[in-house]
Amino acid sequence: MNYERRLIIALVTICGLILGLALALAYVLDWSGLAMSTLLFCLSIALAYAAQHYYRHWQLTLMNLTSYTQLLREGTSNIIPIAQQQSGLYQDLVQEIEQLATQHQQNSHPLLDIGHLMDEWPMAIAIFDDNNALIYRNNALLSVLKRPLLVGSNIIDSGFIIDSASHRISHPSFADNWQSQTMTFNRGQQQLTLFSATDISHPLKTHGDIIEQNLIRVFSHELRNSLTPMASMTDTLLSTNNSYDEQTTLVLNRINQRSNHLLQFIASYAELSQLPAADLNWFDSESLINEAKTVLPDDASVLLNGEKRCFGDRSLLSMVLINVFKNALQASTSQLEIQVSIYVEDDIQFIEIIDNGEGFQNLNNANTPFYSTKQDGNGIGLALSRQITQQHQGTLSLANNANSKGAKVTLQWSLARAK
């Protein structure tokens, strides 16, 4: 039972005792019933008013002190509490609260006022005092380091490195794809050092994609201009009635084949720079599978499991499935069976494609752009599929099926943008 409830019970008990004693005294004095009722009524009103006044006075005093304490905690120092009573105990309590607030402000964390804000920043931040002791680190920094970092620990013990020449701070975990900065500033009598690191992997990738697309356009244009006449001239020479010796015919055929093969490669390669932006919507999964399996022979089996709806760009995902189905067909040595599973976990959509082929012969190099183990392959299909998945802000992973033979291709992206 808290103090407030005990106070109310005590006030009610005292009022009851006073009423009881008054009635007993009136009874002893042989008062009439009307007189006793009048006494009881008047005394009840007086006692109720007195009890309520005392309780309200006590309550306002505590509320005033609570509000005053909250204002001091928020940094307001020009407020004077309204005294509900002028007793020495009350004034002593106010003075103690003021002294405690003053001491807390002097000894508080130098970044207490913006600490909660920096805890939510995506930029990794650590601050060290003039003795190189850690006084602050935010959640973004801890999530990258993946280990606890105690406040008060030395900068070297925390894994940071100080360049003696430039006095810049670095950390091995923020080397690749991170841009780090060091800044010093004064806070009171202390000189603090702030280390910040920003993840620039996405801007770098975006910049790299733009450069790659520009190179693809230039190379495709120049190579087409050179190879197309070569293929055309060899076709013309081979189609004439001129009789060439066996060696000349072999050379012309070889030039013609390689020119046409390179032209096909360039056409496929140019698709990477011509992909439209992904238009994400919900659509029927079964219609997507039926469209993609038209590239397979009639005896191939494609089984769809899981969700009946899929979220993404239907036309781009159709290109992905067609490329994956073609790869599965080329790797199959028997009747092809493909299983497509669409499911959602923790607001992440997964599209899993498993076939019964021979699997990836060199899984370590399967993720290398334009790498292929097929004699007539060029690796464009998987590169195109990976870029389409990235346009969905997702990832594409490759594996060999652990339960049986065959390859396993998994696409995944968030449903946060689902309409």
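Of the 419 residues in this protein, 32% are buried. The model you are looking at is predicted, and it has eleven helices and 13 strands. Contacts also tell us something about the fold: among those with a separation of 6 or more, 58% join residues 24 or more positions apart.

Take Met233, which sits in helix 6: its relative accessible area is 51%, and since the cut-off for exposed is over 50%, Met233 counts as exposed.

Now to the charged side chains, where the count comes to two salt bridges. In one of them, Arg314 meets Glu291 at 2.7 Å, N to O. Arg314 belongs to helix 9 (residues 314-331) and Glu291 to helix 8 (residues 285-292), so this pair ties together parts that are 23 residues apart in sequence. Both partners are partly exposed, Arg314 at 29% relative accessibility and Glu291 at 33%.

The other salt bridge joins the side chains of Glu352 and Lys408 at 3.5 Å, N to O. This time strands are involved: Glu352 lies in strand 11 (residues 348-355) and Lys408 in strand 13 (residues 407-414), so the pair links parts that are 56 residues apart in sequence. Glu352 is buried, with a relative accessible area of 14%, whereas Lys408 is partly exposed at 25%.

Notes:
Residues are numbered from 1 along each chain as its sequence is written. This is a predicted model: local features need pLDDT of at least 70, side-chain atom pairs count only at pLDDT 80 or more; totals for chains, interfaces and linings use all residues. Side-chain values use heavy atoms; hydrogens and water are left out. Helices (H or I, at least four residues) and strands (E, at least two) are DSSP runs, numbered from the N terminus. Buried means under 20% relative accessible area, exposed over 50%, partly exposed in between (1.4 Å probe, protein chains only). Contact means heavy atoms within 4.5 Å. A salt bridge is a side-chain nitrogen of Lys or Arg within 4 Å of a carboxyl oxygen of Asp or Glu.
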